[in-house]
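I opened this notebook to record what I looked up in one structure. The entries follow the order in which I consulted the model.

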Amino acid sequence: MGARPIALSAEDLLARYRAVRGLTTALAHPLSDADATLQSMEDASPAKWHLAHTSWFFETFILRDHTTDYSAFDDDYAFLFNSYYEAEGPRHARGQRGLISRPSLDQLLAYRSHVDAAIEVAAGSLNETALGLLELGLHHEQQHQELLLTDIKHLFAQNPLLPVYMPADAVAPPDTALEILWIKGPAGIHPIGHGGAGFAFDCETPRHDALLAPFALASRTVTNGEWIEFIEDGGYAGAQYWLSDGWAWVQGEAIDAPLYWQKDDSGWQRFGLDGLQPVILAEPVTHISLYEADAFASWADAKWSGARLPTEAEWEVMAAALQADGGNQLSKAAAIRPTVSSMPANAGGLSDMFGNVWEWTGSAYRPYPGFRAARGAVGEYNGKFMSGQFVLKGGSCATPRGHMRASYRNFFYPHQRWQFTGLRLARDI
């Protein structure tokens with residue numbers, strides 16, 4: 001779980017609670033009951049499930065465990081909307097969440113309102129432990145806001161009508177990308193991980209030292225135009241660029257472009273929350289797997305000698321002094337998409353380290369030295385997933401603003417790419 005709130009009062013947390021919960025409901029507003037019920041793959045969940053699971057979290061770990069005289073909205077919901085907490089007992093199978101046609105979307109919105117009203121009543125009397133869980137629940141819900149959007153995008157992409165979640169603003173993006181510069185990083189021993197006051201997930205701790213060899217980071221992420229160069233140069237056709245597992249994945253799944261890309265007589269197009277749109281060459285490439293990111297880095301070595309994926313420690317040390325709540329991040333219900341990188345002021349030459357696209361690193365998602373999972377069900381939040389996955393950093397256009405920090409560790413399996421995942425190259429110097 002996260003560090004307990006130190007600077008935030010119960011009133012401040014309650015104000016944040018209202019804002020976070022309100023945004024989740026707003027994100028679901030464009031959806032019909034059918035939209036919110038369907039599940040397009042096992043990795044994704046229906047929007048109704050996201051709405052209910054986040055409410056179940058507050059109901060279970062705060063209202064049930066830290067208040068008196070609270071009655072559950074519906075006793076069946078614990079089975080339906082528990083995610084993976086073994087300590088909370090049996091639960092509905094993850095791959096069958098799309099079969100929960102009832103309760104309806106309206107009933108689950110009523111469930112949210114019921115939980116919200118109870119939290120409003122209880123907030124002033126919650127003890128320090130419960131307030132810590134309330135803060136954890138807000139960050140947990142922000143994670144599900146991003147998942148709700150990416151899961152809806154994947155669902156709509158399966159519909160032959162390619163429906164629009166929300167139209168994009170009619171603003172012409174720049175047609176050229178910034179030149180890639182190589183920003184030298186600080187070699188030597190540097191602390192990484194969360195330290196001090198403020199919230200962090202348990203997997204971000206404890207703070208510890210990491211040794212960095214001389215390196216540099218690319219000033220921006222890889223663009224669609226550069227990815228098309230990779231495609232046209234046989235990037236998906238040459239085994240020499242790929243990890244063995246990645247090459248087997250490419251062949252087995254017939255992968256030849258990023259997820260949601262298709263090509264017709266007019267060129268490359270991509271599907272997004274704003275429907276089917278032309279691929280903008282200067283925009284960051286996204287919806288790529290770790291396998292693809294690693295293969296691109298291998299291919300790019302001919303252009304930038306020493307090109308590779310950055311390590312988690314390299315990325316974090318370079319981002320530590322940058323503003324984490326800037327850039328292209330989620331702040332309202334909209335047609336979420338990456339945008340052409342711009343060079344922010346006072347960023348040490350690094351563009352869009354936070355927001356736009358999650359950046360794959362070459363680091364395995366494993367516990368930091370001295371990591372210990374918390375006791376009880378909330379101890380299952382991160383620690384038990386520290387196997388076979390890789391770390392991503394920086395957040396995306398669908399990551400809620402205010403949720404990100406340099407020490408944040410996102411993690412996915414190397415074949416997964418339905419999130420807004422991209423890459424920034426590093427190189428040895």
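Entry 1, a buried helix. I began with the buried residues of α9, which pack against α7 (224-232), α8, β8 (307-308), β9 (358-364) and β10 (390-393). I take contact as heavy atoms within 4.5 Å. Helices (H or I, at least four residues) and strands (E, at least two) are DSSP runs, numbered from the N terminus. The model is predicted: local features need pLDDT of at least 70, side-chain atom pairs count only at pLDDT 80 or more, and totals for chains, interfaces and linings use all residues. Residues are numbered from 1 along each chain as its sequence is written, and side-chain values use heavy atoms, with hydrogens and water left out.

I then looked up how enclosed helix α9 (residues 290-300) is: nine of its eleven residues are buried, so the helix is largely enclosed by the rest of the structure. Buried means under 20% relative accessible area, exposed over 50%, and partly exposed in between (1.4 Å probe, protein chains only). The buried residues in α9 are Leu290, Tyr291, Glu292, Ala293, Ala295, Phe296, Ala297, Trp299 and Ala300.

I looked up the largest nonpolar core and found 123 residues, with Trp227, Trp242, Leu423 and Leu425 having the most contacts inside it. Helix α6 (residues 128-157) supplies the largest share of this core, eleven residues. Such a core is a set of buried Ala, Val, Leu, Ile, Met, Phe, Trp, Tyr and Cys residues joined through side-chain atoms within 4.5 Å. Leaving aside neighbours within four places in sequence, I listed the contacts of tryptophan 227: Val222, Tyr236, Pro258, Trp261, Val285, Ile288, Glu292, Ala293, Phe296 and Leu423.

Helix α3 (residues 47-66) and helix α5 (residues 105-122) pack at about 30 degrees, with axes 9 Å apart. That makes α3 roughly parallel to α5. Axes are lines fitted to C-alpha atoms, for helices over the stretch in contact, and angles run from 0 to 180 degrees between N-to-C directions. Angles under 35 degrees count as roughly parallel, over 145 as roughly antiparallel, 65 to 115 as roughly perpendicular and the rest as oblique.

I next took helix α1 (residues 10-28) with α3: the axes come within 11 Å and cross at roughly 160 degrees. That makes α1 roughly antiparallel to α3. In this contact, Tyr17, Arg21, Thr24 and Ala28 of α1 meet Leu51, Thr54, Ser55 and Phe58 of α3.

Arginine 102 and proline 103 are joined by a cis peptide bond with omega of about 10 degrees, and proline 103 sits in the loop between α4 (77-81) and α5. Threonine 205 and proline 206 are also joined by a cis peptide bond, with omega of about -5 degrees; proline 206 is in the loop between β2 (188-192) and β3 (208-212).

Aspartate 69, not a glycine, has a positive phi of about 65 degrees. It lies in the loop between α3 and α4. Is aspartate 69 buried or exposed? I found aspartate 69 exposed, with a relative accessible area of 80%. Tyrosine 260 has a positive phi near 80 degrees, is found in the loop between α8 (244-253) and β5 (261-264), and counts as buried at 10% relative accessibility.
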